[in-house]
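The sequence and the coordinates are shown first, and the description follows.

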Amino acid sequence: MLDTEKDPVRPARGKVSHPSMQPVPLISSVQRIVLYETKARFFLVGSNNRETKFRVLKIDRTEPKELVIIDDKVEYSQREVRELLSMLDVGNRATRPAQKGGAGLTRTVSAFGIVGFVRFLEGYYIVLITKRRRVAILGGHTIYKIEDTSMIYIPNDSVRNAHPDESRYVKIFQNVDLSSNFYFSYSYDLTHTLQFNLTAACNFLPFGRTRKHDKQMDSTDDDDDVDDDDYEEEDGEEEGTKDHVFETSEESGDEKIDESVPNIELEKGHICGVQNSPEYKYVWNSHMLEKFEDRVHPDWRMSIIHGFCAQSNVCVYGRPVFITLIARRSILFAGTRFLKRGANCEGQVANEVETEQIVHDASVLSLGSGRYTAYVQMRGSVPLYWSQDITTMMPKPPIGLDLADPYACVAGLHFNDMMKRYGAPVIILNLVKKREKRKHESVLTEELVSAINYLNQFLPPQHAIQYIAWDMARFTKSKNVNVMERLGEIADRVVMKTGFFKSGPHLYCTKLRPEEKYSEMQGVTEESGRRQTGVLRTNCVDCLDRTNTAQFVTGKVALAFQLYSLGVLEDPKLEFDTDAIRVFEELYEDMGDTLALQYGGSQLVHSIQSYRKLTPWTSHSRDIMQTLSRYYSNAFSDAEKQSAINLFLGVFLPHEGHANLWDLPTDYYLHHTYSRGDFPRIRRSYTQWWELPVLRALPLPQDEVSRDHRDGQVVHWGSKDDERLDEFSEYYRPFQLTMFEDLFVSNMPHSIKDFMPNPSDPKSDPCPFAVRKTTGKFGFGSGRKAIGATPPTSAAPEDNSSSESDVSSEDDLTSSATPISPLSSSSTHVSFKDLFQTMKETYGVSINNMEAMERKDLSVYRRYVMIGLNASKQFTDPKGVPRARKTLTEFYPTSAFKIDSSREVIPPTVDKRSKKVYEEYLELGKTGHTKPITREDFEVYRGYVSKKYK
C-alpha cells in the first residue's frame, strides 16, 4: 500500500478547494525605459508610469562578444536617479578639450520595454520596443501590440570586430517583423489561459496550507492497474525535490514561495500579487531572454506572444460585455505552410495555435471581483510524420508519410502534452477528406485513426481520446446540406463535454430559471465557478480555412453558454443574424486572416461567409486572388521566411567556421533532434505512452495541479494602495492628462456604434441579440461589408433603403441578390406608407375594415380607445373650446413610489449613509483618485487640450 503522506495528491472529482484570498496579477514597475550612452557603458533607466520609482541597468560596451549586464536591484527615487545621471554625465566628460570620446552621458532612445538581446557573428544587439498600441483590457490590465522596435548594437566601434556575413544575418533577423501581431502586457500573463491565471496561482500560495489540505485523495480513481513500484519511484523524486525558501529582497519586497514556511500573518487590508513563470512554448522572445532574465530583476523581463489579439464591446442595454479573442502561436516546430507539416520527433506539431475567447462583464473592473468566462480551443497539423513535395510546381503537392510509426510514438507525445495542459477529454475534430477518387488527404485520415485506436487501448475509458471525422469540403459542395447547422450540432456536443471556465459564484438567475443543458454540462463545478476540462483540437490539412470556420461555430456555441452564465441571456442560444454574432464573426474572420498570413502567406481563401453560402458572385475574384497570392508566397518567399523564423527563435545559432544559414540544404535536422543523434536517455514505453502525473491529475490538467510552475513564481505582499497591486490606478491612471476620444474603450468596436443599423433611430431595437436583416457600418478597418447579413428577396424590399440608412450603396450591392434600379428624379415623393408600417405589419392583424371584424374584437378595441381618451382630465371639443370630462379613467400606480406617473414622481426617502456614499462617488468622478482639483489643475488641463488641437 502507498504511504498517504508521501503519495502525490490527486484532485478531487467535482470540486476543488481554493484559498479564500484571491491573488491579483503583479504589475511591473518598469514600463518606461530611457537608454543613455557613454563610450564604455549603456545605462537603461526604467521607471513606472508615474515616474516615481526607478531602476538602473548597466551594460558593458567594451566586451566585443560577451554580454555583461549589471543590475544592482536597487529602487531609486526621482531625485536619486537625477543625481546618479548627473554624476555619470560629469564623470564621462573630457577633462581636456582635445580628448576624444568625452561627450558625457547622451540620451539615445526612449522605449516601453526590452524584447531581448541577440548575437550573430559579432557582438550583441539590444532590441527595444519604441512604439506600442492598446488592443485589449482585461480586469484593468492592458494588452499592447508592438508597433515599432529599435535594434541597437552594443559594443563600441573601438572593440568591434567586423565580419562580412554580419549584415546578412541582421537582414534575415529583421525579416520577422516585430510590428506585425506581437503582443505583451506589463501585468497580465498572456502566455497562460485565463483559467490558469485565476486558479492555478491560488492553489500554491503560502497561506499556511499543505497540499493535503488543499486537495483530497480520490479513492475511486481508475488507475489501479499501475504498479506500486512506479508510485514509489515517483514518491522518491518528490522527496528529493527541494523548493526555494522565502527570499525577501529589502528593495523589492518579492518572495519565492515554499511550503515549509508556517502560516503568514497578514496585516489588515494586505493583498497578494503573483507573477507566474511564463509558458515558454508561447514566448517568442524566449531565445533573446536566455542571457538576460536570470541576471536582472523580474520587472525587466517581458514575455511576448505572436498570433492575434482583439477586443469588442457588445452593449446589452448599456451594460458593457467585452469579447476578447487571443490566439497564441507556438514557437516549437514553427514555420511556413509547405516547409512545416505534421510533427517532429518530440511530438510538436506545425501551425499549433491556442485560441481563447474571454467574455466578461466590463462594468466590474477587478479580475478577482468581476465575473469572467473563457473557452479554449486548439488547432494544429495532423500529428504524424508527413510532408509534401514542393520541388514540383503544383498547387497541391502530393502528401507522403515520411516515417513508419506503428506504435504512434509521435502522436502519443503530442496527446500527452495536450492532456498535461488541458486535461481530459481531448476531442479531435478532423475535417480532412475521407473519400477521394485519387488518394490525397485521405492518407492522413487513415493513419490518424489507426494511431488513435492504438493509443486508446492503454487509457482508462473515461479519459480516452475522442475522435470526430467530418468531411467538410464534401458537404460544402452539396446544396442540400447546411454546413453551419451540422457543425453546430458537433460543437454543441463538444462544449457539453468540455465545459468552460467561469470565475465567481453562480448567479441567482441561473438558479431561479435553471437550464437543463447548463446543469448537465461536464467539466469541474466548484463553489467559486466552473472549470473547463479537456479541449477541442481541430485540424484540416492547412489548419486555416475549414479549421477557422469550425472554431468559429464552436466558439459561437460556447459564447451562448458564457453569456447565459453572466446573466445576459435567458437561455444559451444565439441566432446568426444578430449584432452580437456579427461582432463575434468579425473577430474570428480577422483572426483567420491574420493566422493565414503568418502560416500560408495570404488571407483566408474561404471565409465564414463562404461556408454560410452568403457570399455574392463578386467575391469569387477575391478568392482567386488570395489563392494566387498564397501560391506565390509558398513558391518564392517561404524559404526566406522560414530562415528568418529559425534565426529569430534560436533554432539555428550562427558560429564562425560553421555552415551559414543560407548554405543549408534543409532545416530538417534543426527541428528533429533524433536526426542529430540526440536520443532521450530513457526510452518511452510503447504502452504507457502517457506520463504518470498527467494521468493522476485527469480530468484536470496537470499544469494546474502540479507544483512545477512554482519555479520562478514571484509573490509580492502589500496594501491595496501599493502601486504594483493597484489595478484601479493602472487602468484609470489619474496622474495623467487624457481625453475621452483618446481612451481605448471609447474607440473599440461597438455593437451599437458599428454594427447596429440606424443607431440614432429611436424605433430601432438596441438589443444585440435581435435578429436583423441589415447591418450597420463596421469599425474594424478590415474593409469587409455586411458580414453575416441575410440577402433580402425581391418580394420583400428593405425599408432601410432610404437616405437615412447607415448602409452604403456598396453594402446594398454586395449583400443583395437582386439588381437595384436607380431612382429617377421624378420619384422623390414620399408617402405615408413609406414612413410607417401598416397595422398588419405592426400588430399581425389588419383592422382597416371595421365591418369585417368580429363583435368581440371590435368591443375590445373600442374599450382600449376609450381608456386612452378618458385618461386626461380635459379635452377640446370640435369648436376648439376646452371642456372638462365627465367620466375620468383613473390609474392606480403599482410602484413603490408614493406618486409615480408620467407627470410627477416622488422618489423614495434615502438614508444619510446612502447619500454620503453617492456624494463620495460623484466627488471621486470630479477629483479623481488622488486629491481635489484646483484652479491651477484646470489651467494645466486647458493648456494640454489647446496644445493637442493646434
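A disulfide is counted here as a pair of cysteine sulfur atoms within 2.5 Å. By this rule the count for the structure, which is a predicted model, comes to zero disulfides. C543 illustrates the point: the nearest cysteine sulfur, that of C540, lies 5.1 Å away, and because the cut-off is 2.5 Å, C543 takes part in no disulfide. Since buried means under 20% relative accessible area, C543 counts as buried at 1% relative accessibility, and C345 likewise counts as buried at 3%. The buried residues described in this report are set out below.

| Residue | Relative accessibility | Class |
|---|---|---|
| C345 | 3% | buried |
| C543 | 1% | buried |
| D590 | 14% | buried |

Five strands make up an open sheet, arranged in the order β5-β4-β3-β2-β6 with antiparallel pairing. Because β5 (69-71) and β6 (106-111) each have a single partner strand, they stand at the edges, and one side of each is left without a neighbour in the sheet. On average, neighbouring strands of this sheet are turned by 20° against each other, when direction is ignored. Within the sheet, strand β3 (residues 41-47) and strand β4 (residues 54-60) run antiparallel and are joined by seven bridges; F43, for instance, has K58 in β4 as its bridge partner. Helix α1 (residues 78-91) packs on the sheet, where it touches β2 (32-37), β3 and β4, and the direction of α1 makes about 25° with that of β4.

**The α13 and α14 pair**

Two packed helices are described by the angle between their axes and the distance between the axes. For helix α13 (residues 545-565) and helix α14 (residues 579-599), the axes come within 10 Å and cross at roughly 145°, and α13 passes α14 in a right-handed crossing. On the α13 side the contact is made by N548, Q551, F552, G555, K556 and L559, while α14 contributes I581, F584, E585, Y588, M591 and G592. By residue class, this contact of α13 with α14 divides into six nonpolar, four polar and two charged residues.

The C-alpha atom of D590 is separated by 8.8 Å from that of A310, although the two residues are 280 residues apart along the chain.

Technical notes:
Residues numbered from 1 in each chain as written. Predicted model: local features only at pLDDT ≥ 70, side-chain atom pairs only at ≥ 80, totals over all residues. Heavy atoms only, no water. Pairing = 2+ DSSP bridges. Helix = DSSP H or I, 4+ residues; strand = E, 2+ residues; numbered from the N terminus. Axes fitted to C-alpha atoms, helices over the stretch in contact; angles between N-to-C directions. Contact = heavy atoms within 4.5 Å. Left-handed = near helix turned anticlockwise from the far one by under 90°. Nonpolar A, V, L, I, M, F, W, Y, C, P; charged D, E, K, R; others polar. Buried < 20%, exposed > 50% of the residue type's maximum accessible area, 1.4 Å probe, protein only.
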